[in-house]
Amino acid sequence: MAQSSRYTNERVEKILAELVQVLEKNQTPTDLSLMVLGNMVTNLLNTSVAPAQRQTMARSFAEALQASVRDDKAH
């Protein structure tokens with residue numbers, strides 16, 4: 001989901017590392033990790049985004065996620 005951002009890479013990486021640490025601490029399998037993260041995204045959209053914008057933002061998020069895991073992209 002690499003796009004121009006108002007947040008620094010350092011800030012993003014720090015938060016990501018903390019989230020990964022929580023999942024690893026709980027020995028969370030991949031499917032459960034995805035469920036938890038999906039629920040977190042849903043909660044953020046439902047509590048922090050205006051109802052009129054939720055579908056658009058969810059669609060944009062889903063498209064960015066799909067683009068970030070395409071087979072033809074280098075890791």
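Biologist: Is the crossing of H2 and H3 left-handed or right-handed?

Modeller: In this predicted model, the crossing of H2 and H3 is right-handed.

Biologist: What makes H2 roughly antiparallel to H3?

Modeller: The axes of H2 and H3, the latter a helix of residues 51-68, come within 10 Å and cross at roughly 150°. Angles over 145 degrees count as roughly antiparallel, and therefore H2 is described as roughly antiparallel to H3.

Biologist: Which residues of H2 meet which residues of H3?

Modeller: On the H2 side they are Val41, Leu45 and Asn46, and on the H3 side Arg54, Met57, Ala58 and Phe61. The residues of this contact of H2 with H3 divide into 5 nonpolar, 1 polar and 1 charged.

Biologist: Turning to Ser33, why is Ser33 called buried?

Modeller: Ser33 has a relative accessible area of 10%, and buried means under 20%, so Ser33 is classed as buried. Ser33 lies in helix H2, which covers residues 30-48, and, leaving aside residues up to four places away in sequence, Ser33 touches Leu23 and Thr28.

Biologist: How do you know what confidence the predictor has in H2 and H3, and which element has the lowest mean pLDDT?

Modeller: Among the elements of the protein, H3 has the lowest mean pLDDT, at 96, while H2 has the highest, at 98. For the protein, the average pLDDT is 92, and 91% of the residues score at least 70. Where pLDDT is low, the predicted coordinates should not be read in detail.

Methods
Residues are numbered from 1 along each chain as its sequence is written. This is a predicted model: local features need pLDDT of at least 70, side-chain atom pairs count only at pLDDT 80 or more; totals for chains, interfaces and linings use all residues. Side-chain values use heavy atoms; hydrogens and water are left out. Helices (H or I, at least four residues) and strands (E, at least two) are DSSP runs, numbered from the N terminus. Buried means under 20% relative accessible area, exposed over 50%, partly exposed in between (1.4 Å probe, protein chains only). Contact means heavy atoms within 4.5 Å. Axes are lines fitted to C-alpha atoms, for helices over the stretch in contact, and angles run from 0 to 180 degrees between N-to-C directions. Angles under 35 degrees count as roughly parallel, over 145 as roughly antiparallel, 65 to 115 as roughly perpendicular and the rest as oblique. A crossing is left-handed if the near helix is turned anticlockwise from the far one by less than a right angle, and right-handed if clockwise. Ala, Val, Leu, Ile, Met, Phe, Trp, Tyr, Cys and Pro count as nonpolar, Asp, Glu, Lys and Arg as charged, and the others, Gly among them, as polar. pLDDT is the predictor's confidence in each residue, from 0 to 100.
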